[in-house]
Amino acid sequence: MPPATRNLRLLVVARTCSLCGDLAVPIAVPFAVLDMLGGGPTEVGLALGAQFAGVLVFLTVGGVYSDRFAPHRMMIVSDSVSALLQTAAAVLLATDRMSMPLLAALMFATGAASAFHQPATRALVPRIVQREALQAAHSRLGATGAAAVVLAPLAAGGLIPSLGPAGVIALDAATFLGSALLIARISLRVPAQPPSTGRPRMAREVAEGWRELRARPWLWGSITAAAGVELLLSAPLATLAPVVADRLYGGAQGYSWLIAACGLGTVAGGLTAVRLRPRRPVLAANTLVLPMALAPLALAQEAPVAGAVMAYALTGVCQGLFTTLWYTAMSQAVPQEVQGRISAWDQLGSFALRPAGHAMAGMAAGAVGTAPVLGTAAAAGLLLPLPVLLMKDVRAPLCESGTQHTALSPTPPR
């Protein structure tokens with residue numbers, strides 16, 4: 001088997017293994033709050049928001065280290081730490097020693113570990129596959145683990161009544177360990193950047209990534225729009241969907257059907273995207289945000305479970321297409337030596353407001369109910385992408401990194 005094929009297969013299997021746990025935790029944590037800690041929408045929002053806060057605080061540091069060191073080693077350390085943290089959470093829940101402040105602290109720490117994993121994953125792909133195979137690789141990652149993204153949430157919903165949230169979180173810890181063992185077998189096609197003799201400062205390397213971002217209006221424009229969508233659509237949906245499911249769809253099992261439908265849609269979107277070659281991938285990706293407004297609208301209208309499942313499936317299709325088109329554009333148009341830092345800035349900018357979105361959605365739902373908050377989320381999903389769709393650089397065909405000036409270049413190419 002060619003090394004590139006072997007490496008990509010190992011990464012896909014590792015990602016699938018990790019997804020099995022990651023897709024179970026959004027079900028286990030909210031119902032741990034609702035059923036074991038006696039919380040409500042506000043506490044669910046705080047728990048989920050703490051995890052994203054941990055990601056945001058450490059993302060830029062994770063991006064710098066992903067460019068400076070071998071990214072697969074960063075992923076191994078991240079997965080190992082996450083396994084320890086999830087084990088601690090499972091033990092504390094199982095022994096009735098968990099509290100909301102302690103759960104929030106563990107979620108924050110888990111997010112911090114994830115902040116080193118996410119940019120490293122994106123920095124790793126161009127180092128294990130050829131440029132012409134990038135879109136296929138990102139498509140496989142976007143659709144990774146077809147069985148996992150569909151069956152894992154359903155399994156979590158079915159296991160919570162018997163194992164409880166603690167048991168499901170313990171299984172997540174095991175998947176992190178499995179992922180780390182698989183990634184340890186990956187060998188790089190392109191070596192990591194050699195260490196600088198000048199020992200460049202962290203702040204300078206972060207600033208270089210920031211300059212690369214500012215040099216591309218299509219990049220910062222899309223990230224700005226994504227920040228608004230995360231604040232007003234994604235965070236309220238993730239916070240309030242378990243609450244609605246607990247009331248209308250039979251609790252964790254009903255909510256697991258929604259997550260599984262979204263996962264199935266993501267697989268379909270990712271597999272479809274491998275055949276697409278749009279001349280304007282950034283425009284196409286941003287347009288795909290618009291149909292995602294259907295999911296919060298369905299919950300706001302208290303749609304039957306079948307209608308909510310269909311809305312989540314459509315959201316998943318759009319997410320799968322978006323992920324492939326977006327990360328392919330970044331891989332092709334951003335210099336390899338700053339892939340990790342750009343990915344970190346992308347994640348940081350996109351999710352900067354999400355912790356606030358979780359907290360605000362929970363408090364607003366406690367004051368006015370879930371339906372008005374979810375209705376506002378649907379409206380935001382339709383309105384927020386419109387300005388970025390009108391940007392000239394977003395509507396233009398994408399230039400590849402080898403043909404455009406970069407902030408790190410001393411002079412523009414002639």
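1. Ala53 counts as partly exposed because its relative accessibility is 22%, where buried means under 20% relative accessible area, exposed means over 50%, and partly exposed lies in between (1.4 Å probe, protein chains only). Ala53 sits in helix α3 (residues 41-68); helices (H or I, at least four residues) and strands (E, at least two) are DSSP runs, numbered from the N terminus.

2. This is a predicted model, in which local features need pLDDT of at least 70 and side-chain atom pairs count only at pLDDT 80 or more, while totals for chains, interfaces and linings use all residues. Residues are numbered from 1 along each chain as its sequence is written, and side-chain values use heavy atoms, with hydrogens and water left out.

3. Which residues does Ala53 touch, not counting residues up to four places away in sequence? They are Phe108 and Pro355, a contact being heavy atoms within 4.5 Å. Ala53 and Ala352 are 299 residues apart in sequence, yet their C-alpha atoms are 8.0 Å apart in space.

4. For the chain as a whole, the secondary structure comes to 18 helices and zero strands. Among contacts between residues at least 6 apart in sequence, 88% join residues at least 24 apart. Of the 414 residues, 56% count as buried.

5. Two helices can be checked by their length, since the expected span of a helix is 1.5 Å times one less than its number of residues. Helix α10 (residues 252-273), with 22 residues, should span 32 Å, and its end C-alpha atoms are 31 Å apart, which agrees; 16 of its 22 residues are buried, so that α10 is mostly covered. Helix α4 (residues 71-94), with 24 residues, should span 34 Å, and its end C-alpha atoms lie 35 Å apart, which also agrees. Just after α4, Asp96 takes a positive phi of about 60 degrees.

6. Confidence deserves a careful reading, pLDDT being the predictor's confidence in each residue, from 0 to 100. The chain has a mean pLDDT of 82, and 87% of its residues reach 70 or more. Confidence is lowest in helix α6 (residues 134-142), at a mean of 67, and highest in helix α12 (residues 294-300), at 97.

7. Where does pLDDT stay under 50, with zero contacts beyond four places in sequence? This applies to residues 194-199. Over residues 402-414 pLDDT also stays under 50, but there the model has 17 contacts beyond four places in sequence.
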